[in-house]
Amino acid sequence: MNRRERYGQFTDEELLLRLGAGETEVTEYLLDKYKALVKRQARTLYLIGGENDDLIQEGMIGLFKAIRGFRAEKEGSFYTFAELCITRQMYTAVQASKRKKHAPLNSYVSLDEEPQILTEQNPEALVIDQEDREDRYNQIHRRLSDMEKLVLELYLEGKTYGQIGAVIGKNEKAVDNTMQRLRKKLDKKR
């Protein structure tokens, strides 16, 4: 029996109660169910230096947070809450791209070579530098699993290993292991 057949008869709120009771497959079902909503929301926004897939990923992170954070006694329907979390996560990514929130990641982590310091500040050099940073960010982005991307995003937001673990449903040791894998991937030179 596939997930759709198994969980399609329940409301989202009932599914979240089942998730709270330990049915972890509910998370995957809800992620699949709401992926179309994430894609629809992603089409309405533009991420500087990113692609639509980047926004979809941000939306999926927002959806994941909604699944983990929904409280029936506080929120109305899960759909409304999920839509809000997805939109906020995407909007935060767009705003971060505008203020260059990930500049340290783009500027200081090189997968191919030692960072070069630009001494010329002409417009052409600045554009080339920006493209190089975007290329490095995209290379990093492609190397990471979805879980590693989520952990990195939460880490860049300043969350502790314990807080990250609470969001992703893992213990601090699992978060530490993910960070170690992440660091190794970022240190690789191809």
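The secondary structure of this protein comes to eleven helices and zero strands, and the model is a predicted one. Read from the N terminus on, the elements run α-α-α-α-α-α-α-α-α-α-α. Of the 190 residues, 37% count as buried.

**Overall contacts**
- Take the contacts between residues at least 6 apart in sequence: 64% of them join residues at least 24 apart.

**Helix H5**
- Helix H5 covers residues 52-69, which gives it 18 residues.
- From its first C-alpha to its last, H5 reaches 25 Å, close to the 26 Å expected at 1.5 Å a residue.
- Is H5 enclosed by the rest of the structure, or open? Of its 18 residues, 13 are buried, so H5 is largely enclosed by the rest of the structure.

**Two helix pairs**
- Two packed helices are described by the angle between their axes and the distance between the axes.

*H2 with H3*
- The axes of helix H2 (residues 12-20) and helix H3 (residues 25-33) come within 9 Å, crossing at roughly 150°.
- Angles over 145 degrees count as roughly antiparallel, and H2 is therefore roughly antiparallel to H3.
- On the H2 side, the contact is made by Asp12, Leu15, Leu16, Arg18 and Leu19; H3 contributes Val26, Thr27, Tyr29, Leu30 and Lys33.
- Sorted by class, this contact has six nonpolar, one polar and three charged residues.

*H4 with H6*
- For helix H4 (residues 35-42) and helix H6 (residues 78-98), the axes come within 10 Å and cross at roughly 40°.
- The crossing in which H4 passes H6 is right-handed.
- Leu37, Val38, Arg40, Gln41 and Ala42 of H4 meet Tyr79, Glu83, Ile86, Thr87 and Met90 of H6.
- By class, the contact of H4 with H6 has six nonpolar, two polar and two charged residues.

**Lysine 185**
- Lysine 185 sits in helix H11, which spans residues 172-187.
- Its relative accessibility is 25%, so lysine 185 counts as partly exposed; the cut-off for buried is under 20%.

Terms used
Residues are numbered from 1 along each chain as its sequence is written. This is a predicted model: local features need pLDDT of at least 70, side-chain atom pairs count only at pLDDT 80 or more; totals for chains, interfaces and linings use all residues. Side-chain values use heavy atoms; hydrogens and water are left out. Helices (H or I, at least four residues) and strands (E, at least two) are DSSP runs, numbered from the N terminus. The expected span of a helix is 1.5 Å times one less than its number of residues. Buried means under 20% relative accessible area, exposed over 50%, partly exposed in between (1.4 Å probe, protein chains only). Axes are lines fitted to C-alpha atoms, for helices over the stretch in contact, and angles run from 0 to 180 degrees between N-to-C directions. A crossing is left-handed if the near helix is turned anticlockwise from the far one by less than a right angle, and right-handed if clockwise. Contact means heavy atoms within 4.5 Å. Ala, Val, Leu, Ile, Met, Phe, Trp, Tyr, Cys and Pro count as nonpolar, Asp, Glu, Lys and Arg as charged, and the others, Gly among them, as polar. Angles under 35 degrees count as roughly parallel, over 145 as roughly antiparallel, 65 to 115 as roughly perpendicular and the rest as oblique.
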